[in-house]
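Try each task before reading its solution.

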Amino acid sequence: MTEVPSYLSPTGQEIVFLLLGAVAVGSALLVVTTRQLVHAALWLVVCFGALAGSYLILTAEFVAWVQVLIYVGAIVVLLLFGIMLTRAPIGRTADLDSRNRPAAAAVAIATAVVLVTVVIDGFRMAYMPLEPGRGSAKDLGSSIFRNWVLPFEALSVLLLAALIGAIVLSRTDIRGRD
């Protein structure tokens with residue numbers, strides 16, 4: 001049985017992983033606390049980028065690039081186009097505040113305490129050294145293109161319909177036929 005290394009002497013990989021985790025958590029908090037919608041979308045890009053960096057540290061290169069291409073490259077761009085095309089209020093708006101911040105903060109803190117407790121209790125003695133793996137991009141890619149093509153295509157049609165709907169809703173020069 002291998003000896004578990006001390007947490008007081010982390011490796012360089014572990015330090016970078018913790019820093020990326022802190023960036024992801026900080027930017028995720030800024031996503032949900034900022035009052036400007038475009039800034040929230042940009043903080044979401046930072047959060048997704050930090051997650052992709054974490055996947056790279058964990059030697060999951062394929063998942064990291066999928067994270068960048070799908071989430072950063074497509075979902076956030078779609079969100080920004082949706083904001084622009086629907087002419088949503090970009091600046092601060094007071095009418096969107098439900099004034100439930102104390103209740104939301106209490107639920108968030110309680111959820112965080114439960115999650116941290118479960119993770120610490122479940123993985124107290126577990127240790128896995130961060131060593132480069134064999135990689136299975138070929139197996140994962142063939143599984144995606146054999147078994148998951150139809151759901152991906154259905155999702156792309158759904159996203160296209162949402163984009164067309166946003167364009168139609170944002171156009172003021174289109175009138176219904178009376």
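A contact here means heavy atoms within 4.5 Å. The model is predicted, so to speak of local features pLDDT of at least 70 is needed, side-chain atom pairs count only at pLDDT 80 or more, and totals for chains, interfaces and linings use all residues. Residues are numbered from 1 along each chain as its sequence is written, and side-chain values use heavy atoms, with hydrogens and water left out.

**Exercise 1.** Find which residues Q67 touches, and decide whether Q67 is buried or exposed.

Start by placing Q67, which lies in helix 3 (helices are DSSP runs of H or I with at least four residues, numbered from the N terminus). Next, leave out residues up to four places away in sequence; Q67 then touches F48, L51, A52, Y55 and V72. Finally, take the relative accessible area of Q67, 7%: Q67 is buried (buried is under 20%, exposed over 50%, partly exposed in between, with a 1.4 Å probe and protein chains only).

**Exercise 2.** Locate the aromatic pair and classify its geometry.

The structure holds 1 aromatic pair. Its members are F48 and Y71, with 5.2 Å centre to centre and 50 degrees between the planes, which makes the pair tilted. The rule is that rings of Phe, Tyr and Trp (its six-membered ring) pair if their centres lie within 6.5 Å; planes under 30 degrees apart are stacked, over 60 edge-to-face, and the rest tilted. As for accessibility, F48 counts as buried at 14%, whereas Y71 is partly exposed at 38%.

**Exercise 3.** Work out how helix 6 is oriented towards helix 3 and towards helix 5.

Take helix 3 first. Helix 3 and helix 6 (residues 149-170) pack at about 20 degrees with axes 9 Å apart (axes are lines fitted to C-alpha atoms over the stretch in contact, and angles run from 0 to 180 degrees between N-to-C directions). These two helices are therefore roughly parallel (under 35 degrees; over 145 is roughly antiparallel, 65 to 115 roughly perpendicular, the rest oblique). L78, F81 and L85 of helix 3 meet L159, L163, A166, I167 and S170 of helix 6.

Then turn to helix 5 (residues 137-147), which packs with helix 6 at about 70 degrees, axes 5 Å apart. Helix 5 and helix 6 are therefore roughly perpendicular. I144, F145, R146 and N147 of helix 5 make the contact with V149, P151 and F152 of helix 6.
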